[in-house]
Amino acid sequence: MKNQISRGEFIRLSGLTLAGALVSDAIFANDLLVNNTTSQEDIQLMKKLILSNDTKVKTLLNNPLDPNTKLSSFRFIANNILVLTASLCNSGSEYYKSKIVTERLHQFTDILLKEQYEDGTLDAGGNRQSPPDTAFILEYICPAAAILNADKKTDTALKDKLKKFILNAGKAMVTGGVHTPNHRWVVCAALASINDLYPDPAYVKRIDEWLAEGIDCNEDGHYSERSGIYSAVIDKALITVGRLLNRPKLLEIVSKNLTTYFYHTEPNGDLITLDSRRQDQFMNLKVTKFYLQYRFMAIYTNNTMFAYMVNTIENLPEFNTDILSDSLGFFMENSTLRKPIPVEGKGINDFEKFFAVSNLARIKRGKTTVTLFGGNDQPVQIVSGRSSNPNFLTYRKGNAILKYMRLSTSFFRMGYFSSEGIVKEGNKYILTETKEADYYQPLAEKFRKADGDYTLSESPDTRFWNKMEFGSRTKSNVKKQKTVIEITEENGVLSFDFKVDGPPNVEVTIEMCFNEGSTITGTTQDDKKNYFLKSGLGELAATGDSIQFGPGKCEHFNVENLDSEEYTYHQGSLRTSGEHVYITGFTPFHHKMTIS
């Protein structure tokens with residue numbers, strides 16, 4: 001953090017150096033030395049950023065926003081403002097000092113000012129007058145203002161409009177509340193950015209109030225939401241606060257989280273989200289969300305793992321669509337991002353990593369990767385902020401992908417197996433769950449009511465609600481079912497031992513969902529396109545790679561309503577797209593199989 005030039009001075013110079021996109025590499029390379037070192041800018045990356053940004057500007061200019069459109073969310077407006085500003089103030093852009101770009105910037109800024117409430121907030125979908133959603137807007141608006149302020153030749157009226165919006169929003173940042181853990185750090189980042197533009201001790205004081213709560217990063221390197229979406233958000237926010245307020249301890253926390261997400265990333269850039277407590281536990285995400293964070297920290301720390309992740313992301317197809325078209329403004333505002341990566345990237349091709357707090361294991365053996373998960377929040381409840389993912393395993397060999405394995409039984413229709421943690425014994429992982437279902441005795445005399453109107457309450461086994469005054473009743477005829485799944489890993493080969501014990505003749509279903517479009521052999525298929533592995537081995541083939549699984553067992557074909565009544569009561573389902581293969585039986589159930 002030492003020997004920094006001011007952000008304004010850097011941005012003023014960046015308009016000159018970025019002209020290299022239109023001149024020779026030799027001239028470009030000799031232009032600007034950042035932070036008084038011999039490190040030059042990443043010339044080729046800067047060229048790509050400028051060209052991609054200009055392409056998006058062209059689209060924005062060719063598709064004007066209908067002034068009569070009623071908006072309920074404004075983040076895309078803020079993003080457009082930063083994109084347009086980057087090209088307007090970038091001498092390497094074909095839109096440098098463009099009057100039409102300036103006009104469009106006025107239009108977008110006027111929208112924000114018109115929709116901004118007196119308290120400084122904006123609406124965001126269902127969130128009305130939302131301080132944290134306004135903070136997300138400032139993530140784009142503050143860099144745009146910094147770029148404009150550093151350029152003395154840009155429109156003064158435009159600068160003044162942005163300043164008015166930012167200072168109004170600053171009032172909400174100083175006084176407003178939040179909803180979720182990540183919101184605290186997004187608000188801190190907004191305050192740090194405003195303070196960097198228009199210093200005020202009140203901004204820093206509010207930041208310190210939030211930071212005093214402690215950053216929610218655990219021993220696994222996870223933030224409390226365990227979310228890929230919001231980990232990327234938090235890392236970006238903490239980097240902003242760390243660099244603008246010179247708080248290097250915050251960057252140490254970012255390093256810890258980015259290390260965790262190295263292990264949570266598949267070779268094709270997919271993120272493992274099984275353990276998330278937010279909506280992405282059932283979403284497909286790419287690691288591109290972490291690009292700016294990995295890049296900044298690779299340069300700041302000389303970390304070879306982070307450099308490897310930067311290279312990995314830059315070689316993903318999504319890099320062109322997700323990153324290049326929206327990032328030039330951030331590079332212009334943050335000088336560190338523009339530097340070349342100082343070290344050679346080095347990944348790890350063979351590892352076994354157990355995240356004990358999250359109860360998640362990640363294993364990589366060459367092109368084979370494994371995820372084991374047993375860390376749902378107990379009792380399992382379907383609500384934002386709690387982990388409730390029924391997928392306890394994923395397995396990949398190159399293009400052959402087992403998206404998930406699940407187990408469900410018909411025991412009182414309580415749904416999928418959800419392990420109560422993971423016990424690791426050498427290379428064996430033990431997942432265990434006990435389900436309980438109760439019956440209830442008549443009320444004792446002192447609890448009886450003549451009108452029969454009893455309290456609406458939840459049953460002690462959490463299966464349902466009724467006006468039965470359950471808290472005053474004695475449980476009886478208690479039924480329990482215990483499931484144990486032992487998984488042993490050896491050089492990428494998994495050996496399974498399934499045991500389900502309890503009341504007899506309960507249906508047991510092992511569900512494997514492979515990537516859609518894969519070729520499945522060794523199985524039989526019903527009229528609903530479900531595959532059943534009756535015996536022997538099955539095989540999945542996909543673009544030159546394959547996974548073998550089995551032996552099979554098929555004692556029933558009832559694979560509907562595998563979800564709990566929390567889903568089926570509302571006609572919901574956790575079944576996803578893909579090729580579904582089933583192994584079935586009845587309790588007492590004992591089955592061994594392998595996946596390789």
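Is R206 buried or exposed? R206 is buried, with a relative accessible area of 17%; buried means under 20% relative accessible area, exposed over 50% and partly exposed in between (1.4 Å probe, protein chains only).

This is a predicted model, in which local features need pLDDT of at least 70, side-chain atom pairs count only at pLDDT 80 or more, and totals for chains, interfaces and linings use all residues. Residues are numbered from 1 along each chain as its sequence is written, and side-chain values use heavy atoms, with hydrogens and water left out.

**Salt bridges**

- A salt bridge is a side-chain nitrogen of Lys or Arg within 4 Å of a carboxyl oxygen of Asp or Glu. By this rule the count is 36 salt bridges.
- E41 pairs with R338 in a salt bridge, and their closest N and O atoms are 2.3 Å apart. E41 lies in the loop between helix 2 (25-29) and helix 3 (43-62), and R338 in the loop between helix 15 (328-333) and strand 3 (350-355), so the pair ties together parts that are 297 residues apart in sequence. Helices (H or I, at least four residues) and strands (E, at least two) are DSSP runs, numbered from the N terminus.
- Both partners, E41 and R338, are buried.
- R206 forms a salt bridge with E209; here the closest N and O atoms are 3.0 Å apart. The two residues sit 3 residues apart in helix 9 (residues 201-211), so about one helical turn separates R206 and E209. R206 is buried, whereas E209 is partly exposed, with a relative accessible area of 40%.
- E352 and R365 meet through their side chains in a salt bridge (3.6 Å, N to O). E352 lies in strand 3 and R365 in strand 4 (residues 360-365), so this pair ties together parts that are 13 residues apart in sequence. E352 is partly exposed, at a relative accessible area of 31%.
- A network of salt bridges links E266, D270, K286, E318, R362 and R396.

**Helix packing: helix 7 and helix 8**

- The axes of helix 7 (residues 156-175) and helix 8 (residues 181-197) come within 10 Å and cross at roughly 135°. Axes are lines fitted to C-alpha atoms, for helices over the stretch in contact, and angles run from 0 to 180 degrees between N-to-C directions.
- Helix 7 and helix 8 are therefore oblique to each other. Angles under 35 degrees count as roughly parallel, over 145 as roughly antiparallel, 65 to 115 as roughly perpendicular and the rest as oblique.
- Helix 7 and helix 8 cross in a left-handed sense; that is, the near helix is turned anticlockwise from the far one by less than a right angle.
- From helix 7, I166, G170, M173 and V174 meet V187, A190, L191, I194 and L197 of helix 8. The residues of this contact divide into 8 nonpolar, 1 polar and no charged.
- Contact means heavy atoms within 4.5 Å. Ala, Val, Leu, Ile, Met, Phe, Trp, Tyr, Cys and Pro count as nonpolar, Asp, Glu, Lys and Arg as charged, and the others, Gly among them, as polar.

**Helix packing: helix 11 and helix 13**

- Helix 11 (residues 248-263) packs on helix 13 (residues 304-314) at an angle of about 55°, with the axes 10 Å apart. Helix 11 and helix 13 are therefore oblique to each other.
- The crossing of helix 11 and helix 13 is left-handed. Helix 11 contributes S255, L258, T259, Y261, F262 and Y263 to the contact, and helix 13 contributes M305, F306, Y308 and M309. These residues divide into 8 nonpolar, 2 polar and no charged.

**T265 in its loop**

- T265 lies in the loop between helix 11 and helix 12 (291-301). T265 is buried, with a relative accessible area of 11%.
- Leaving aside neighbours within four places in sequence, T265 is in contact with D270, L271, V287, M309 and R362.

**Backbone features**

- The peptide bond from Q378 to P379 is cis, with omega near -5°. P379 is in the loop between strand 5 (368-373) and strand 6 (393-397).
- T587 and P588 are joined by a cis peptide bond, with omega about -5°. P588 is in the loop between strand 20 (579-586) and strand 21 (589-595).
- K97, a residue other than glycine, has a positive phi near 60°. K97 is in the loop between helix 4 (75-88) and helix 5 (99-115) and counts as partly exposed at 28% relative accessibility.
- N505, a residue other than glycine, has a positive phi near 60°. N505 is in the loop between strand 13 (493-501) and strand 14 (507-514) and counts as exposed at 60% relative accessibility.
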